[in-house]
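Hi everyone, thanks for coming.

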Amino acid sequence: MRCPYCGNDDTQVKDSRPTEDSNAIRRRRICPSCGGRFTTFERVQLRELTVIKKSGRRVPFDRDKLARSVNTALRKRDVEPERVERMISGVVRQLESLGDTEVTSDQIGEIVMEGLKNLDAVAFVRFASVYKNFSAADDFRSFLTELGEDQHAAHTGGDD
């Protein structure tokens, strides 16, 4: 693993342990060249995923980009980091289990929205506003009205 401080290719693992959810290995590393210390995470990857963007462009799936988007929606929200990490891991597992190596950005957005809906309502609306490209206050109003109707139907067992 390359040192993020000096670029040395030969770093040493000082400690390894599973993360709390046991979905990754956390490794503490040290660079013998500059003495820098850093942490890496090793995760199981079932398959290489390619994301098909709305423009049709294909890009490799980037778990870190997904995590940044989720964490942006959760900014200043009181949600435990372990719950966030479990949600992100769940999204990745769902994407990998779809059975295809290509997923659309829409598929990713819908799965993330479902995860955020169960994690934090404010983060869910924040993410939805970007994902659905809200451009006016009325977009928020319509979305929240629709959300309220969906929740009411779910609680009453059907449409009214």
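Helices (H or I, at least four residues) and strands (E, at least two) are DSSP runs, and they're numbered from the N terminus.

A word on where this comes from. What you see is a predicted model, where local features need pLDDT of at least 70 and side-chain atom pairs count only at pLDDT 80 or more, while totals for chains, interfaces and linings use all residues. Residues are numbered from 1 along each chain as its sequence is written, and side-chain values use heavy atoms, with hydrogens and water left out.

Okay, the overview. The protein chain has five helices and six strands, and along the sequence they come in the order β-β-β-β-β-α-α-β-α-α-α. Of its 160 residues, 34% count as buried; buried means under 20% relative accessible area, exposed is over 50%, and partly exposed is in between, using a 1.4 Å probe and protein chains only. Contact means heavy atoms within 4.5 Å. Take the contacts between residues at least 6 apart in sequence: 44% of them join residues at least 24 apart.

Which residues of H3 are buried? They are Ser105, Ile108, Gly109, Ile111, Val112, Met113, Gly115, Leu116 and Leu119.

Let's zoom in on two of those. Ser105 has a relative accessible area of 18%, so it counts as buried. Beyond its neighbours within four places in sequence, Ser105 touches Val51, Ile52, Lys53, Lys54 and Tyr131, all by contact. Gly109 is buried too, with a relative accessible area of 3%. Setting aside neighbours within four places again, Gly109 is in contact with Phe127 and Tyr131. Gly109 and Tyr131 sit 22 residues apart in sequence, and their C-alpha atoms are 6.6 Å apart in space.

Over to helix H1, residues 63–73. Here the buried residues are Arg63, Leu66, Ala67, Val70 and Ala73. Looking down the axis of H1, they fall within an arc of 125°, so they line one face of the helix. That arc is taken from the directions from the helix axis to the C-beta atoms.

What do the buried residues of H1 pack against? The answer is strand E3 (37–43), helix H2 (81–96), H3 and helix H4 (121–131).

Arg63 deserves a stop: at 16% relative accessibility, it counts as buried. Its side chain is joined to that of Glu85 by a polar contact of 2.6 Å. A polar contact is a pair of N or O atoms within 3.5 Å; within protein, one must be able to donate a hydrogen and the other to accept it, and residues adjacent in sequence count only if both atoms are side-chain atoms. At the start of H1, a side-chain oxygen of Asp62 also comes to within 3.0 Å of the backbone nitrogen of Asp64.

Last stop, H1 and H4. Residues Ser69, Thr72 and Ala73 of H1 meet Ala123, Arg126 and Phe127 of H4 in the contact between these helices. Thanks, and I'm happy to take questions!
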